[in-house]
Structure formats: C-alpha cells, structure tokens
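Have a look at the model first, and keep it beside you as you read.

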Amino acid sequence: MRLDDPPYPRWVVLQLLEACNLRCAMCYEWGATGAYHASSEPASLDLEIAKRVISDCLPAHPTFELFGGEPLLYPGIWDVLRLITDGGCEVAFPSNGTLVERHVEGLVECRATRLWVSLDGPQSINDAQRGPGVFARVMRGLELLAAEKRRRKSDVPEVGICCVVTPDNHRHIEELFLHTLDLSRIARVSVELQSFATPDQYRDYATLLRERFEVATAPVARAYVREPAAFAAIERQAVADQMEHVRQACAERGVQFSSQPRTFAPSDLDAYLRGDATAIPEARRRCALAWACAEISARGEVSTCHTFYDLSLGNVYQEPLLAIWRGEPARRWRARLREGLLPICTACCRYYQ
C-alpha cells in the first residue's frame, strides 16, 4: 500500500436497493427523467455482501450511511442497522417517510443515529410533488415514532427534515417549517435547491469519462441534466428570505440547519439556478471524498462519489471493498481529482457539505 493511500474509508455509504414506492416528480432516480426507468428489474444489494462490507470496515469505526431507492423497503435493513450500531458506529439514512408508521419499533430498537425524512411543503404542495396521501402518511409516522421514543425513553433516531426546493414549492418553505411542523420534535433541517447539471456540464463530464477512464456512457449523470430555464420561475429573493427565517427559527430552538447552497443571498441562489455554482462564495476547487468516502451501489459497484455512479472502481461481488479502496483504479481516480474538480461536480450534494 502506498503512503498516500488511505487504509480505510472514514465514511461508508451503502445503496441498499434501487426500488422506491414513490415517483416524486423531480427525483433523479424515479422521476420523469430518472436513471432507473430503463432498468428491467431494480437492483438490490445482497445482504451477505452488505454485511461483509460493514464487517470489513468496522475496525476503523467509520460513519455509515444507507441509501436507496427507499431504504425501508430493503428486507435486510434491520440486520444491517444492528451490525453497524452493535459495532459502535453511527448510521444515518434518508426516507420518503411513508413507511415509518410500519416500522417505528424497529427504528427505535436498532438505535439508528438519524433518520432524514423528505417533506416539500404543507399537505397540498407536498403531495403535488410526491404523490396523493404522502403528507398524511409521513406525519402519522413521525407522530408514532415520537411516541415510541418517549415510551422507550430513547433519543434516537433523531429526526431530520429535508426539503427540496423546486419551482412548484419554492413559496412554501417557511409555511412548512414554521407553520406546519413542530420544530421541537426535529433535530435537523436541510433546505436544498434541486441538484442539477447543465447540458454542457454533462457533455464535458461524459467526454472526460470516455477519454480518461474508458467509460462509454454516463446514464446516472444524464438523469441530472436540466436546462437552467426550468428554474426561471423560482423567486430568488422569496427563497432567500424564507431560508433566513427558517435558519433563525432553528437557531432559536437548537435545531441544526443546513442548506444547499450554504450561502443563500439572492445573488448566490441566482448563480446556482443559472448553472454557475462556481460563482458563489463557497465554490470549491478540490474534493476530498475520494480519500474519505466509499459508496457501494445496489449493483455492488464502488465509487467515491455519492451522486454519480457512472465510474466504477470495482465491484464487491468480485473482490473485497478494501482491496478496491486501495486498488489501482482508485489510485487513478484520486490522481485525476488532484488535478481539480470534474465538470459536473457542482451538481453533487456533497459539494455543499
């Protein structure tokens, strides 16, 4: 192993499955232009493979994150969560929230660190974006989860609410967090402008993969492509004002607030929505995730990038994760990232963390 090779990832993300029970309009997986529509059968990570990956990494006590699709649809999720928490590691995962009401006992019993639940506005706004009846199911689940935590005198899983800002809901951010939800029951709030890549960014990225890494196609990244004109109706000042009001309310109540982008003056939001995120104050020139994060897709492919699975460094069905993590394809990838970011990196949510 070379001296600059990290021996273990400090952050391990398992995409347990591709399947989801919703078809949210803006979703890059199952939305109108989602990457998984072409799949004849959504993939699911073999449970024994998932457990082997976790066990191999436990000596380094990384932070784990589960992903989907909808993670609560994965049949082996409780085995996965118990293995991680029994190993003394933190684990968080997102959910559309519709299955929480079925699984409140399991969620508290397994002692998962954090559950991120997606809500995009009050009932009518949320359901227009995520489907009829979704809001009511999510709210029932959160109520039952809070009751189960009280019954067991447990403070986990802590609950975070994630709101994706789109042209359809951008006037209702404050209404959701300050007039619909009870912030006293929420530990974290994340308000995120929709991730997207411009056609030019995608073209340059696909060219780089083809010429530098012999990757012929990039279907996952293609699902992110949007013309900036699609976001023209979003009122920048209105979004900035609402985000600031929510941030202040969270600060007053001890709720952790995060946003994408982190700075949200109207000019910053405008740059982001015009596809020019490099113009905002938090613009980055480097990404450290290739030295810190291993992500395993539901098909077993390993990458260091949460958003784009198009470049695989190896497959855990064929060799152990740590061999892939320390292998030559990973070194080539890290060498490229030392040169600077990729054309599409500003479309990745990790860019803003």
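How many cavities of 30 Å³ or more does a search of the whole structure find? The search finds three. Before we look inside, please note that this is a predicted model, in which local features need pLDDT of at least 70, side-chain atom pairs count only at pLDDT 80 or more, and totals for chains, interfaces and linings use all residues. Residues are numbered from 1 along each chain as its sequence is written, and side-chain values use heavy atoms, with hydrogens and water left out.

## Empty spaces

Rolling a probe the size of a water molecule over the atoms shows where empty space is left. Here the work is done on a 1 Å grid over the protein atoms alone: a cavity is a set of points where a 1.4 Å probe fits but cannot get out, while a pocket is an open set with protein on both sides within 12 Å along at least five of seven lines. Lining residues have an atom within 4 Å of a point. Grid points are joined across faces, edges and corners, and a volume is the space filled by probe spheres set on the points.

The largest cavity holds about 270 Å³ of space. Its lining counts 21 residues, and Cys287, Cys305, Trp333, Leu337 and Cys345 lie nearest the centre. Helices and strands are named from DSSP runs (helices: H or I, at least four residues; strands: E, at least two), numbered from the N terminus. With those names, α7 (199-213) and α12 (328-338) each give at least two residues to the lining of the largest cavity.

The second largest pocket has a volume of about 350 Å³. Of the 17 residues that line this pocket, Leu142, Ala146, Asp182, Arg185 and Ile186 lie nearest its centre. Both α5 (134-152) and β5 (158-165) supply at least two lining residues, and the largest share, seven residues, comes from α5.

The table sorts both linings by class.

## A helix with a buried face

Which residues of helix α1 (residues 47-57) are buried? They are Ile49, Ala50, Val53, Ile54 and Cys57. Buried means under 20% relative accessible area, exposed means over 50%, and partly exposed lies in between (1.4 Å probe, protein chains only). Seen down the axis of α1, these buried residues fall within an arc of 135°, so they line one face of the helix; the arc is that of the directions from the helix axis to the C-beta atoms. They pack against β1 (11-15), β2 (63-67), α2 (77-86), β8 (293-296) and α11 (321-325). At the start of α1, a side-chain oxygen of Asp46 comes to within 3.0 Å of the backbone nitrogen of Glu48.

## Two arginines

Is Arg350 buried or exposed? Arg350 counts as buried, because its relative accessibility is 7%. You will find Arg350 in the segment after α12. Its side chain makes a polar contact with the side chain of Glu65 (3.3 Å). A polar contact is a pair of N or O atoms within 3.5 Å; within protein, one must be able to donate a hydrogen and the other to accept it, and residues adjacent in sequence count only if both atoms are side-chain atoms.

Arg332 lies in helix α12 and counts as partly exposed, at 35% relative accessibility. Leaving aside neighbours within four places in sequence, Arg332 is in contact (heavy atoms within 4.5 Å) with Arg212, Phe213 and Glu214. The side chain of Arg332 reaches the backbone oxygen of Arg212 at 2.7 Å.

Most residues other than glycine have a negative phi, and most peptide bonds are trans. Lys153 is not a glycine, yet has a positive phi of about 55°; it sits in the loop between α5 and β5. Glu214, in the loop between α7 and α8 (219-222), also has a positive phi, near 55°. Lys153 is exposed, with a relative accessible area of 77%, and Glu214 is exposed, at 57%.

Finally, a cis peptide bond joins Val156 and Pro157, with omega about 0°. Another cis peptide bond joins Gln260 and Pro261, where omega is about 0°.
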